[in-house]
Amino acid sequence: MTPPTVHPAQRIVDLGFGFILSGALSTAAELGVADRLVQGPRSAASLAEELGVHAQSLYRVLRLLASVEVFAEDEAGRFSLTPAAEYLRTDAPGSLLSAVRMLTQRIFWAPTGELTQTVRTGQTPFDRIFGKPFFDYLTSDPVQGDIFHQGMSSLSDMENKAIAGSYDFTPLRRVVDVGGGHGGFLIEVLQAAPQVRGVLFDHAHVLSGSRVARAGLAERCELVEGDFFQSVPAGADAYVLKRILHDWNDETCVTLLRHCRSAMAEGGRVLVVDTVIPPGNGPHGGKVLDVMMLASLPGRERTEEDFRELFAQADLKLSRILPTPTAMSITEAVAA
C-alpha cells in the first residue's frame, strides 16, 4: 500500500515542529528511559517515580515519541521498547545514546536558534553565546567536552567499519589518524590491514579516552599528543582526516593540509573522510551537517570542486573520490 502523500502545507508545518521532536528525544536520552524498559512495558507513572520526575509530563513526552515509533504505547498506557528505542539503551550494540546527547547539546541547539542572524552576517553566534570559540569552549568545560567526544565516538561507530572497508589499506605501512579522537576509525583500519602500524594523533585530554588498548592493538598503534595546527607526525604513507576539515574555514584547512603534505612519506596520500555535497537538490546528509557547521563552527561541508581547490593550495591534487555505504566519502589527495 502506497503511503499517503503529505500535503505541501503540512510538510512546512511538520518541518517547523521538528525541534519539538529533538527536544523530546533529548529528554528520553538524558533520563535513560530506554534502560528502564529492558525488562518489559512500564507506565509513565512507574517510570516517573523511579526517575524522580513529573509523571504527566513524562507521559506526554513519551506519547509523542511513540507516535514516531520511538517507544510504543499499549492499550493500558504502558510504554515499551521499539527497534529504534533499542539504540537509546546504554548497553545496546551500536548504542546511539551518547550521539543523541551530543547532537542535542546546547552547543548546537542555541546557535541554530539564531541562524537568521548568521545568514545576515555570515558569522556564527557561538562565540557570543558561549564566550569563546567552539573547541576552546569544549576544552574549558570538561563535562560538555566529554559529552561531545563520547557522542562523536558513538556516531562514528555506526560508520567506521563501513568506511574503513571502502578503501584498500593493505599496501600501506604507517597510517596517522589526525585528530583521531578515541581511535574508533583507526582500530577498524588496523583490524582490516594487519600489516599497518597506526598513529593516533590528538590532544592529551582526548587521547586519555583512547580505545586502542581495549581493542588489543596497543603494540601496533602509537598514541601521540600534539596540535595539528602546528605539525603532524612525519613519515606516514597516509594521513586520515576524518570529520576534521569540515570544522574549519578554507585558510585553516590549507594550513593543516600543508602540514600533512610536508610530513608524508614519498608516495604518500591524504585521505579526507567527510561528506562530498553532490550537485542537485536531492536529500543528502551532508546538507544537514553543513547548516550545523554554519551555526556553530567556522567550517562547512564541501563539493568535489571545493576539495580540488583546497588541495591545490596545499601542493596536493585530488586523485579520486570513493563513495562509502554511509553519507561520507573518502577523498584521496596525493602530491601535486
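# A walk through the two sheets

Strand β4, residues 174-178, pairs with strand β5, residues 197-202, in the parallel sense, and five bridges hold the pairing. The model is predicted. Along this pairing, aspartate 177 stands opposite leucine 200 of β5. Strand β4 is mostly covered, with four of its five residues buried.

The path from β4 to β5 runs over a helix. That helix is α13, residues 184-192, and together β4, α13 and β5 make a right-handed β-α-β unit. Strand β4 also pairs with β7, again in the parallel sense, this time over three bridges. Here valine 175 has alanine 238 of β7 as its bridge partner.

Now step back to the sheet these strands belong to. Seven strands form this open sheet, in the order β6-β5-β4-β7-β8-β10-β9, and the pairing is mixed. Its edge strands are β6 (221-225) and β9 (316-323), each of which pairs on one side only. On average, neighbouring strands of this sheet are turned by 20° against each other, direction ignored. Strands of a sheet pair through backbone hydrogen bonds, either parallel or antiparallel.

Strand β9 runs antiparallel to β10, residues 329-335, and seven bridges join the two. Helix α13 touches β4, β5, β6 and β7, and its direction makes about 175° with that of β5. Helix α17, residues 304-313, packs on the sheet too, touching β8 (269-274), β9 and β10. The direction of α17 makes about 150° with that of β9.

Is tyrosine 239 buried or exposed? Its relative accessible area is 0%, so tyrosine 239 is buried. Apart from residues up to four places away in sequence, tyrosine 239 touches a list of residues that includes Val176, Val178, Cys260, Met264 and Leu271. Its side chain also reaches backbone oxygens. The backbone oxygen of proline 233 is reached at 2.6 Å. The backbone oxygen of alanine 263 lies 3.2 Å from a polar atom of the tyrosine 239 side chain. Leucine 257 is 18 residues from tyrosine 239 along the chain, and the C-alpha atoms of the two are separated by 9.5 Å.

The second residue is lysine 242, also placed in strand β7, residues 238-242. Why does lysine 242 count as buried? Its relative accessibility is 9%, and buried means under 20%, so lysine 242 falls in that class. Which side chains make polar contacts with the side chain of lysine 242? Glutamate 159 is one, at 2.7 Å. Asparagine 160 is another, at 3.3 Å. Leaving aside neighbours within four places in sequence, lysine 242 is in contact with Ser156, Glu159, Asn160, Ile163, Phe185 and Val273.

Another sheet has three strands. This open sheet has the order β1-β3-β2, with antiparallel pairing. Its edge strands are β1 (42-43) and β2 (72-73), and each pairs on one side only. Strands β2 and β3, the latter covering residues 78-80, run antiparallel and are joined by two bridges. In this pairing, glutamate 73 has phenylalanine 79 of β3 as its bridge partner.

How many aromatic pairs does a search of the whole structure find? The search finds 15. One of them joins phenylalanine 126 and phenylalanine 134, with the rings tilted: 5.2 Å centre to centre and 50° between the planes. Phenylalanine 126 is buried, with a relative accessible area of 0%. Phenylalanine 134 is buried as well, at 4%. Phenylalanine 228 and phenylalanine 229 form an edge-to-face pair, 4.8 Å centre to centre with 75° between the planes. Phenylalanine 228 counts as buried, because its relative accessibility is 13%. Phenylalanine 229 is partly exposed, with a relative accessible area of 26%.

Technical notes:
Residues numbered from 1 in each chain as written. Predicted model: local features only at pLDDT ≥ 70, side-chain atom pairs only at ≥ 80, totals over all residues. Heavy atoms only, no water. Buried < 20%, exposed > 50% of the residue type's maximum accessible area, 1.4 Å probe, protein only. Polar contact = N/O pair within 3.5 Å; in protein donor to acceptor, adjacent residues only side chain to side chain. Contact = heavy atoms within 4.5 Å. Phe/Tyr/Trp six-rings, centres within 6.5 Å; stacked < 30°, edge-to-face > 60°. Pairing = 2+ DSSP bridges. Right-handed = clockwise from strand over helix to strand, strands pointing away. Axes fitted to C-alpha atoms, helices over the stretch in contact; angles between N-to-C directions.
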